[in-house]
Amino acid sequence: MTDPIADLLARIRNAKQRKHKDVYFPFSKIKAEISRILKEEGFVWDYQISGSTGLDEIKINLKYGSKDESVITDLKRISKPGRRVYVGADEVPYVKRGLGIAILSTSKGLMTDKNSRKEKVGGEVLCYVW
């Protein structure tokens with residue numbers, strides 16, 4: 001697999017379209033951090049890390065509204081292995097005029113665009129979620 005983050009986003013997108021309650025994918029630290037951010041921002045109910053060593057996996061419980069519509073409207077991969085996208089602290093993008101989030105990889109770890117502006121750090125723009 002050349003792009004594990006794109007795989008994570010595709011699995012979430014596919015599960016959302018099929019109205020699945022849970023999504024499973026192989027564990028990595030960056031996927032666990034993205035899952036943590038999605039939970040903190042209210043896009044998913046919860047996430048769990050399970051499995052024995054070497055076979056760990058992450059389970060995300062997707063969040064749906066009262067009319068069975070997904071809280072996540074869409075996800076978009078921005079920085080790809082063939083084309084990395086970096087921004088400075090003063091160039092951090094707004095997603096859907098503040099209704100969505102951008103997940104950035106900074107020198108202080110993974111964080112949302114709001115936290116990046118607050119901490120005044122830039123970095124690699126991994127994806128948009130709205």
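This is a guided tour of one predicted model, taken selection by selection.

Residues are numbered from 1 along each chain as its sequence is written, and side-chain values use heavy atoms, with hydrogens and water left out. Because the model is predicted, local features need pLDDT of at least 70 and side-chain atom pairs count only at pLDDT 80 or more, while totals for chains, interfaces and linings use all residues.

**Helix H1**

Begin by selecting residues 4-17, which form helix H1; helices (H or I, at least four residues) and strands (E, at least two) are DSSP runs, numbered from the N terminus. H1 has 14 residues and reaches 20 Å from its first C-alpha to its last, close to the 20 Å expected at 1.5 Å a residue, where the expected span is 1.5 Å times one less than the number of residues. Colour Ile 5, Asp 7, Leu 8, Leu 9, Ile 12, Ala 15 and Lys 16, which are buried; here buried means under 20% relative accessible area, exposed over 50%, and partly exposed in between, with a 1.4 Å probe and protein chains only. The buried residues of H1 pack against strand E1 (22-26), helix H2 (29-40), strand E3 (57-62), strand E4 (75-77) and strand E8 (123-129), contact being heavy atoms within 4.5 Å. After H1 comes Lys 19, whose phi is positive, near 60 degrees.

Stay in H1 and select Lys 16. Which side chain of opposite charge is nearest to Lys 16? It is Asp 74, 5.5 Å away, and the buried Lys 16 has no salt bridge, a salt bridge being a side-chain nitrogen of Lys or Arg within 4 Å of a carboxyl oxygen of Asp or Glu. For the charges, Lys and Arg count as positive and Asp and Glu as negative, whereas His and the chain ends are not counted. Leaving aside residues up to four places away in sequence, Lys 16 touches Leu 62, Tyr 64, Ser 70, Ile 72 and Thr 73.

**The nonpolar cores**

Next, show Ile 12, Leu 62, Ile 103 and Val 129, which touch the most other members among the 25 residues of the largest nonpolar core; such a core is a set of buried Ala, Val, Leu, Ile, Met, Phe, Trp, Tyr and Cys residues joined through side-chain atoms within 4.5 Å. At least two residues of this core come from each of H1, E1, H2, E3, strand E6 (101-106) and E8, and H1 gives the most, with five residues. Centre the view on Ile 103, whose contacts, not counting residues up to four places away in sequence, include Ile 34, Ile 37, Leu 110, Met 111 and Val 129. A second, separate core of ten residues includes Ile 78, Val 85, Leu 104 and Trp 130.

**Helix H2**

Turn now to H2, where twelve residues at 1.5 Å a residue should span 16 Å, and the end C-alpha atoms are 17 Å apart, which agrees. Lys 31, Ala 32, Ile 34, Ser 35, Ile 37 and Leu 38 are buried in H2. Gly 42 follows this helix with a positive phi, near 85 degrees.

**Strands E6 and E8**

Select E6, in which five of the six residues are buried, so E6 is largely enclosed by the rest of the structure. Six bridges join E6 to E8, and the two run antiparallel; strands pair if DSSP finds at least two bridges between them. Along this pairing, Ser 105 has Glu 124 as its bridge partner in E8, and Ala 102 has Tyr 128. E6 is also joined to strand E7 (residues 109-112) by four bridges, again running antiparallel, and a hairpin connects E6 to E7 through two residues. In E7, Thr 112 is the bridge partner of Ile 103.

Move to E8, where seven of the seven residues are buried, so E8 is largely enclosed by the rest of the structure. Three bridges join E4 to E8 in antiparallel fashion, with Lys 76 opposite Tyr 128 in E8. Two bridges link strand E5 (residues 86-87) to E8, also antiparallel, and there Tyr 86 stands opposite Glu 124.

**Two loop residues**

Finish with Asp 68, in the loop between E3 and E4, where phi is near 65 degrees, a positive value in a residue other than glycine. Asp 68 is partly exposed, with a relative accessible area of 44%. Lys 120, in the loop between helix H3 (113-119) and E8, has a positive phi of about 60 degrees although it is not a glycine. Is Lys 120 buried or exposed? At 66% relative accessibility, Lys 120 counts as exposed.
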